[in-house]
Amino acid sequence: MAAAAAALMLSSCSSLSYYSQAAQGQLELLTDSRPIDDWLADPATNAKLRHRLEAARQIRRYAIQELKLPDNGSYTNFTNIKRPYVLWNVVATPELSLKPMQWCFPVAGCVNYRGYYSKQEAQAYAKELRRQGHDVEVGGVSAYSTLGWFSDPLISTFIHYPDAELARLIIHELAHQVVYVQGDSKFNESFASAVEQAGVEGWLERFGNDGMREAFQRYTVRKKDFMALLVRYRGELEKTYASALSQDEKRATKARLFIALKDDYQVLKANWGGYSGYDRFFAEPLSNAHLASIATYNDFVPAFRALMRKERSWPAFYKSVNRLAKLDKADRHRVLAKLAAPAPTAPLVVQRSMGATTGYSK
């Protein structure tokens, strides 16, 4: 999830138009929001939305009480916006490299994307980058965290997600408020993803039914399969770009790999029974930018899950993570790599009599 809205709002960006759209977009999102209680008390609120708001409120309560995530104004309001995504991120790389461009902001540090509240403005900036010879992707974002700077609302872009996916998103975004290190997206996103995974497991144990668990298991398997596909092709591209091939040969190999990626995705879809949830990844012509940040959300998840097992309580885990956050980036990554090394693992779920539902005692 994008975690840089505070940066968008507070940046002294050289482009006044960019700063203006960022400030205006965040301001509108906050001023158009209303408390969940108001929506539930309003007779005009339809039954479907009412049910989703009640589900979100229950998930938020669980995240605060059981996962010890921040209890503030986040996700106590709801905003109904008239677009499919809250913002659009522009990601760019050189033509023959998977190293993404970075944009730096005072709060979020350097990040691998630039966010726009208008799809048209995002596409215009993407067009400018393409003219400069970059590979570019414009991707819609359903939710983000302002890192506690503002009270993030529930938004119509994600409120109708199935319960387990809604829980995944809310837990992930609240986790960003626990710790955030400038300029280390891999650390930030892997941490939030690890909390998300363990949190949803516990939430499903407590509140889910067999149908919900099976549906989320299918979702998890499909996501794992899709990520494995992208990581495989990312690796092939990295080898190609690092090889002694000429630039023309690299371009030709790149084109073949992207065709093969699309073909293999069709095979995956058939194995999934035709599930098309990842089709939007292919909405634009494939480029390096599509694969530039593919590892960010996952690389250190095993390390954080290992740290969870070691600490055995959410407060102790967060305390350890904050200690890691204070290290130099290279040292931080070295510790996480060591934590992720294969070792015998204990079951994550412990007895309810110990006061835990997610493998953690209170």
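The model is predicted. The protein comprises 13 helices and eight strands. Of its 362 residues, 52% are buried.

Helix 4 covers residues 47–65. At 1.5 Å a residue, its 19 residues should span 27 Å. The end C-alpha atoms of helix 4 are 27 Å apart, which agrees with that expectation. Asn46 caps the N-terminal end of helix 4. The cap places a side-chain oxygen of Asn46 3.1 Å from the backbone nitrogen of Lys48. The buried residues of helix 4 are Leu49, Arg52, Leu53, Ala55, Ala56, Gln58, Ile59, Arg60, Tyr62, Ala63 and Ile64. Their cover includes helix 3 (36–41), strand 2, strand 8 (154–155), helix 6 (163–175) and helix 7 (185–207).

Ser74 sits in the loop that runs between helix 4 and strand 2 (77–79). Its relative accessibility is 0%, so Ser74 counts as buried. Beyond its neighbours within four places in sequence, Ser74 is in contact with Arg60, Phe150, Ser151, Asp152, Leu174 and Gln177. One of these, Arg60, is also among the buried residues of helix 4. With Gln177, the side chain of Ser74 forms a side-chain polar contact of 2.9 Å.

Helix 7 also packs against helix 12 (residues 314–325). The angle between the two is about 170 degrees, and their axes lie 12 Å apart. Angles over 145 degrees count as roughly antiparallel. Helix 7 and helix 12 are therefore roughly antiparallel to each other. Helix 7 contributes Phe187, Phe191, Val195 and Ala198 to the contact. From helix 12 come Trp314, Phe317, Tyr318, Val321, Leu324 and Ala325. The residues of this contact divide into 10 nonpolar, no polar and no charged.

Glu28 belongs to helix 2 (residues 16–31). Relative accessibility is 37% here, so Glu28 counts as partly exposed. The side chain of Glu28 makes a polar contact of 2.8 Å with the side chain of Gln24. Glu28 and Ile81 are 53 residues apart in sequence. In space, their C-alpha atoms are 9.5 Å apart.

Terms used:
Residues numbered from 1 in each chain as written. Predicted model: local features only at pLDDT ≥ 70, side-chain atom pairs only at ≥ 80, totals over all residues. Heavy atoms only, no water. Helix = DSSP H or I, 4+ residues; strand = E, 2+ residues; numbered from the N terminus. Buried < 20%, exposed > 50% of the residue type's maximum accessible area, 1.4 Å probe, protein only. Polar contact = N/O pair within 3.5 Å; in protein donor to acceptor, adjacent residues only side chain to side chain. Contact = heavy atoms within 4.5 Å. Expected span 1.5 Å × (residues − 1). Axes fitted to C-alpha atoms, helices over the stretch in contact; angles between N-to-C directions. Parallel < 35°, antiparallel > 145°, perpendicular 65-115°, else oblique. Nonpolar A, V, L, I, M, F, W, Y, C, P; charged D, E, K, R; others polar.
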